[in-house]
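Try each one yourself before you read its solution.

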Amino acid sequence: MTDAVAFVASDVPVLNNMFRFQWEKAQDCYVLLYPEGMIQLNGPAGEIMALVDGERDAAKIIAELEAKFSDAGDLSGDVLEFLAEAKKQGWLA
């Protein structure tokens, strides 16, 4: 049995209520804050998490990122992979 977590375009990511997502000026990056500490997110992860609002499905997030970063091409695989990992890490409910 595998511990892989699948995430598909119709899934709606929701931030786990144990975390708070915010821009951290001192770190110059987006972070996830939780009672025991902080997780610094790289640029792409921060851009994805900034669109996680509990209302947009993954397809909408992908479309918005592809519009914002039009030179990047198809981002669906990368975004879905990140969302699956974020869910596996417990960042998403």
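**Exercise 1.** Work out how α2 passes α3: is the crossing left-handed or right-handed?

*Solution.* Bear in mind that this is a predicted model. Start with the axes: those of α2 (residues 58–68) and α3 (residues 76–89) come within 10 Å and cross at roughly 130 degrees. An angle over 145 degrees would count as roughly antiparallel and 65 to 115 as roughly perpendicular, so the pair is oblique. Now for the hand: α2 passes α3 in a right-handed crossing. On the α2 side, the contact is made by Ala58, Ile61, Ile62, Leu65 and Glu66, and α3 brings Ser76, Val79, Leu80 and Leu83. Sort these contact residues by type and you get seven nonpolar, one polar and one charged.

**Exercise 2.** Find the buried residues of α2 and say what they pack against.

*Solution.* First, pick them out: Ala58, Ile61, Ile62 and Leu65 are the buried ones. They span an arc of only 100 degrees around the axis, so they sit on the same side of α2.

**Exercise 3.** Is asparagine 16 buried or exposed?

*Solution.* Locate asparagine 16 in the segment before β1 (20–24). Its relative accessible area is 19%, and buried means under 20%, so asparagine 16 counts as buried. Leaving out residues up to four places away in sequence, asparagine 16 touches Gly90, Trp91, Leu92 and Ala93.

Definitions and conventions
Residues numbered from 1 in each chain as written. Predicted model: local features only at pLDDT ≥ 70, side-chain atom pairs only at ≥ 80, totals over all residues. Heavy atoms only, no water. Axes fitted to C-alpha atoms, helices over the stretch in contact; angles between N-to-C directions. Helix = DSSP H or I, 4+ residues; strand = E, 2+ residues; numbered from the N terminus. Parallel < 35°, antiparallel > 145°, perpendicular 65-115°, else oblique. Left-handed = near helix turned anticlockwise from the far one by under 90°. Contact = heavy atoms within 4.5 Å. Nonpolar A, V, L, I, M, F, W, Y, C, P; charged D, E, K, R; others polar. Buried < 20%, exposed > 50% of the residue type's maximum accessible area, 1.4 Å probe, protein only. Arc of directions from axis to C-beta.
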